[in-house]
Amino acid sequence: MQNYLKVIWGLQEWSDQPVSNSAIAEAAGVRLSTVSDALRKLSDQELIEHVRYGTVTLTELGREHAVSMIRRHRLLETFLVNMLDYEWDEVHSEADRLEHAVSDELMHRIDRSLGYPTRDPHGDPIPSADGLVHRPDAVILADAPAPCRTRVERISDADNEMLQYFASRGIVVDAELRVLPGEPYSETVTVQVGDSPVSLGPAAAASVWVSVL
């Protein structure tokens, strides 16, 4: 149930699109029927509001549980990268396994040992201990005007191979990118990283959030 709350939170954190059963199924990698069963249980526990064949929203109680799990997950990812030398494309699955087992006291000590970080290695905001979440003012790279200068605020961790590619080209959190005018009728986004131009297809350009400088 905690994983479903996390998925629902993740779907609505960076998007204004309504959260549907099919979107949850795709994000969680399960069948629609499995999602329907889980949503009924979450609704019975008053963790979500869900109209049959309609959208899914978290109740205040559901949000509290989701944010608590998100905080654990992102603190663990940060700990693995900063303290144990994991690469940023290695930590998502590790944090998924650990987040259900660690105690609140251990999470507090991890937070303190890291200096109370506000972002994880992918730029996602780490909720504070009292549940506050600050989302930076950012747009997906595909929607950034060209030409302009931007700073990378967040990169989706949904695709490990894409993370490896981004790192190899210098597209990381806080990197400055210059968005260059693209070819007419092309969905490719071209950015300049340092002195090197990099062309990104639609999936890659939709996985990077930037602030315009």
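Q: Buried means under 20% relative accessible area, exposed over 50% and partly exposed in between (1.4 Å probe, protein chains only); which residues of helix α7 are buried?
A: In α7, which covers residues 160-168, the buried residues are M162, L163 and F166. Helices (H or I, at least four residues) and strands (E, at least two) are DSSP runs, numbered from the N terminus. Please keep in mind that this is a predicted model, where local features need pLDDT of at least 70, side-chain atom pairs count only at pLDDT 80 or more, and totals for chains, interfaces and linings use all residues. Residues are numbered from 1 along each chain as its sequence is written, and side-chain values use heavy atoms, leaving out hydrogens and water.

Q: Why do the buried residues of α7 line one face of the helix?
A: Looking down the axis of α7, you find its buried residues within an arc of 105°, so they line one face of the helix. The arc is that of the directions from the helix axis to the C-beta atoms.

Q: And which exposed residues sit on the face turned away from that buried side?
A: The face of α7 turned away from its buried side carries E161 and S168, which are exposed.

Q: What happens at the start of α7, and what comes just after α7?
A: At the start of α7, D159 has a side-chain oxygen that reaches to within 3.0 Å of the backbone nitrogen of E161. Just after the helix, G170 takes a positive phi of about 80°.

Q: Let's go back to S168: how exposed is it?
A: S168 is found in helix α7, and at 53% relative accessibility S168 counts as exposed.

Q: Which backbone oxygen lies by its side chain?
A: The backbone oxygen of Y165 lies 2.6 Å from a polar atom of the S168 side chain. A polar contact is a pair of N or O atoms within 3.5 Å; within protein, one must be able to donate a hydrogen and the other to accept it, and residues adjacent in sequence count only if both atoms are side-chain atoms.

Q: How far are the C-alpha atoms of S168 and K6 from each other?
A: The C-alpha atoms of S168 and K6 are separated by 29 Å, and the two residues are 162 residues apart along the chain.

Q: Does another residue pair up with K6, or rather, which side chain makes a polar contact with the side chain of K6?
A: The side chain of E99 makes a polar contact with that of K6, at 2.6 Å. E99 lies in the loop between α5 (91-98) and α6 (104-113), and E99 is buried, with a relative accessible area of 0%. If residues up to four places away in sequence are not counted, E99 touches N3, K6, M69, R72, H73 and L76.

Q: Switching to D124, is that one buried or exposed?
A: D124 is found in the loop between α6 and β3 (139-140), and at 3% relative accessibility D124 counts as buried.

Q: What does D124 touch?
A: A polar contact of 3.1 Å joins the side chains of D124 and W14. Leaving aside neighbours within four places in sequence, D124 is in contact with W14, R74, T118, R119 and R154.

Q: New topic: what about helix α2, which of its residues are buried?
A: In helix α2 (residues 21-28), the buried residues are N21, I24 and A25. They cover an arc of only 100° around the axis, which puts them on the same side of α2.

Q: What do they pack against, and what follows just after α2?
A: The buried residues of α2 pack against the helices α1 and α3 (32-44) and the strands β1 (48-50) and β2 (56-58). Just after α2, G29 takes a positive phi of about 70°.

Q: Which residues other than glycine have a positive phi?
A: One of them is D85, with a positive phi of about 60°; D85 has its place in the loop between α4 and α5 and counts as exposed at 66% relative accessibility. Another is Y116, where phi is near 55°; Y116 is found in the loop between α6 and β3 and is partly exposed, with a relative accessible area of 46%.

Q: Last one: where is a cis peptide bond?
A: A cis peptide bond joins A146 and P147, with omega at about 0°, and P147 lies in the loop between β3 and β4.

Conventions: Contact means heavy atoms within 4.5 Å.
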